[in-house]
Amino acid sequence: MAPITNGRLIFKEIPTGERYPIPGKTTVYDATSTIDLENEPLDGSVLVKTLVLSVDPYLRGKMRAPERQSYTPPFFVGEPLYNFGVGKVVRSENSAFKAGDHVYGVLDFAEYFIPKDITKLEVIVRPEPTLPYSVYVGAAGMPGQTSYYGWKEYAKAKAGEVVFVTTAAGPVGSLVVQLAKQDGLKVIASAGTDEKVKFCKEIGADVAFNYKTTNTADVLAKEGPIDIYWDNVGGPTLETAIANTALQARIIICGYISQYNGEEDYGIKNIKNVLFNQLSINGLYVTAHHERYKDEFYQVIPKKLASGEFKYTEDITRGLESGGEAILEVQKGLNTAKKIIVVADD
Ligand SMILES: NC(=O)c1ccc[n+]([C@@H]2O[C@H](COP(=O)([O-])OP(=O)(O)OC[C@H]3O[C@@H](n4cnc5c(N)ncnc54)[C@H](OP(=O)(O)O)[C@@H]3O)[C@@H](O)[C@H]2O)c1
């Protein structure tokens, strides 16, 4: 078989002046590379056909200069981006994989690739085979794990308490809303469009509002004080949440997307309330809790998603050609739900 085009999404340039990762500038679709599926040397690895890729907010943090420290390594300029995904093994020289296996792990943004680090891939175990592969990078994957691990580890939730969740229609926030309702809490949820607010209500939020058209402080003053704040956005919203906490409230810092795109660090001005209200603040990093909770997660969550007890939504982009736009949409909040790139059908 003659070599075929292997489309890839390349990290081309570190964003500098502009705030957002610009398609065609920061990320570039490249169709100049080819691959010979039958003869490409594997050197003990596997050849993977990429099926679905997750687009997550944290990818923006990897588009940085290598010398800047963070909790996740930077992308390499000139090489494909990579993230959680599902693929199918085309050929294998590794006894842990065989042709036809579906694999989960860290995949290149490429139609086909040979992983340099095979330990970042595993044969996917789908406890609920009726759930599409895409769900295993969303509600039943890393974002869902973030919600589950963080809720279990830090919420210390009691029935009747009040929780406030930001970015509540996304894969992380929406699972937090549903876990909180399952535990008998009153849920206040905020999101950036009326459609997202509608979804928050459908999944059980008692109070849901569009933070772009309704003042968060007013809602929390009326519906609070809050016992738990699940923070996905940081900045002024975190400050407003702190101002509306009950005694001994728990704050879970999961993300700070209001400052991922070059914004000045927002200095929280009311930190004294941490003392006044005896607050606990925890930084949540999903990977740190994976070994402890992953088995429980896969036993519990896929089943609830498959039965419809827990709901999830997806926003699908087809083809790596549009991958740069998909990444930008998530940073700008233009994604309508969990953003997935479907690279190829199974
Ligand atoms: N700590 C960890 O281990 C970990 C793991 C996974 C995810 N996270 C974090 O969890 C958060 C949610 O992730 P996700 O995957 O569920 O995201 P997502 O909902 O799929 O997408 C990001 C959403 O953030 C909101 N947003 C964008 N810009 C914003 C801004 N300037 N201010 C406020 N909101 C903004 C938008 O929703 P609206 O339209 O509602 O504004 C956007 O749709 C992110 O902060 C992410 O970094 C953390």
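User: Which residue in E15 is the bridge partner of Ile 253?
Analyst: Happy to start there! This is a predicted model, so local features need pLDDT of at least 70 and side-chain atom pairs count only at pLDDT 80 or more, while totals for chains, interfaces and linings use all residues. Residues are numbered from 1 along each chain as its sequence is written, and side-chain values use heavy atoms, with hydrogens and water left out. In E15, Ile 253 has as its bridge partner Gly 283.

User: How many bridges join E14 to E15?
Analyst: Strands here are DSSP runs (E, at least two residues; helices are H or I, at least four), numbered from the N terminus, and two strands pair if DSSP finds at least two bridges between them. E14 spans residues 245-253 and E15 spans residues 280-283. The two run parallel, and the number of bridges joining them is four.

User: What percentage of the ligand's exposed area does the protein bury?
Analyst: A backbone N or O atom of Leu 284 lies 2.7 Å from a nitrogen atom of the ligand, and one of Pro 171 lies 3.4 Å from a ligand oxygen atom. Taken alone, the ligand exposes 910 Å² (Shrake-Rupley method, 1.4 Å probe). Of that area, the protein buries 91%.

User: Is Lys 339 buried or exposed?
Analyst: Lys 339 is found in strand E17 (residues 338-342). Its side chain makes polar contacts (N or O pairs within 3.5 Å, one able to donate a hydrogen and the other to accept it); the partners include the side chains of Asp 315 at 3.1 Å and Glu 329 at 2.9 Å. Buried means under 20% relative accessible area, exposed over 50% and partly exposed in between, with a 1.4 Å probe and protein chains only. Because its relative accessible area is 2%, Lys 339 is buried.
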